[in-house]
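Work through the exercises below with the sequence and the coordinates at hand. Each task is followed by a stepwise solution.

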Amino acid sequence: MSEFDIVRLAEILRSAAKAEIMPRFRRLAAGDIREKTSAVDLVTEADERAELLISRECASAFPQAVFIGEEGVSATPELIEKVAECDLAIVVDPIDGTANFAAGSPVFGVMAAVVRRGELVGGIIYDPMGDDFIMAERGAGTYVWQTGGASVRQHYASPVPVAEMVGAASTSQFSLTERRKLLAGFAETRILCSYRAAAQEYRLAASGALHYLFYWRLMPWDHLAGALMVEESGGYVRRLDGSRYLPTHISGGVLCAPDAQSWQELRNCLPI
C-alpha cells in the first residue's frame, strides 16, 4: 500500500487508546455505559470519545479518505454503504469487545481496516494492554509490531483433523433451537470458546493459536481487518456458502480455517 501510510494509521489508533480508552478502563461511571440493542451490545464514553479523536486525526492525515466508524454508523446508518462506494475508506471499531471493557476485562482491542475501491487492502488491530499491533497488508503478510519497532511475521495454524481443532465462535445471534444445533456441530471439535472480542480472536488465529473462527453477523468494523490477517498469515476465509468474504457483506456468516480442505470438513459439521 505504497499510497497509504498504514503505520501512521496505527499511530493514530494507539494515541486514541492512550488518550481516551485506557484512562477510562475500570474507571467508568454508571452513566458512561449505555445499551444499544441489548444488554450485551454496549457503548461507552470511551468508545465515543476514541472514535471522535480517531476520526479527527484521520481527516488531517488522510483527507482523501472517507471515515466509517461503528458509532458513526449507529447515528447515520447509510454511512455503511460508502465502504464499497468510495475510492478510499478507513473503517474503525474504536473498542472491539466493549462488553468486556465495560466489565473491566482486559480482552478488547482497537481495529481499523483500509478499503480501496471496494477491495480490502489493509488491517490493524491494536492491543492497548500489550501496547502492540498486529498488522496486515494485501500481498505482504501479517506481522506483530512491538513497541520499539521490532516485527514478527505471523503464521496460521497447520491443518489438523476436526476432532483436534481449537477455535472460537460467536453464536449469540441465533435462536435457542438454532444455537443448540450449531453448538452440537462445534462439539465435533476439541475446544470451542468465545472471548467476546473478535479483535483478540483474530489475533490469536493469525498467530497460529486457533484453528478456526466462526461469525454470523458481519459488520465491516468487526471483521475486515481480522479476515485480511487470517488470509495474509496463510489461513482460509470464506462465507458459509463458500464465496469470498468482501467488504460489502454484512450477512451470510464467515468461517476461517487452516486451508480449503479443513474449512470444508468443519463446514460439513455445521447444520446451517
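**Exercise 1: a salt-bridge network**

Salt bridges link Glu-20, Arg-24, Glu-45 and Arg-49 in a network. A salt bridge here is a side-chain nitrogen of Lys or Arg within 4 Å of a carboxyl oxygen of Asp or Glu. The model is predicted: local features need pLDDT of at least 70, side-chain atom pairs count only at pLDDT 80 or more, and totals for chains, interfaces and linings use all residues. Residues are numbered from 1 along each chain as its sequence is written, and side-chain values use heavy atoms, leaving out hydrogens and water.

Task: describe the pair Arg-49 and Glu-45.

Step 1. Their side chains meet in a salt bridge at 3.7 Å, N to O.
Step 2. Both residues lie in helix 2, 4 residues apart, about one turn of the helix. Helices (H or I, at least four residues) and strands (E, at least two) are DSSP runs, numbered from the N terminus.
Step 3. Arg-49 is partly exposed, at 35% relative accessible area; Glu-45 is partly exposed as well, at 24%. Buried means under 20%, exposed over 50%, partly exposed in between (1.4 Å probe, protein chains only).

**Exercise 2: a pair across the sequence**

Task: state which parts the salt bridge between Arg-138 and Glu-231 ties together.

Step 1. The side chains meet at 2.9 Å, N to O.
Step 2. Arg-138 lies in the loop between strand 7 (132-137) and strand 8 (141-145), and Glu-231 in helix 8, so the pair ties together parts 93 residues apart in sequence.
Step 3. Arg-138 counts as partly exposed at 29% relative accessibility, and Glu-231 counts as partly exposed at 24%.
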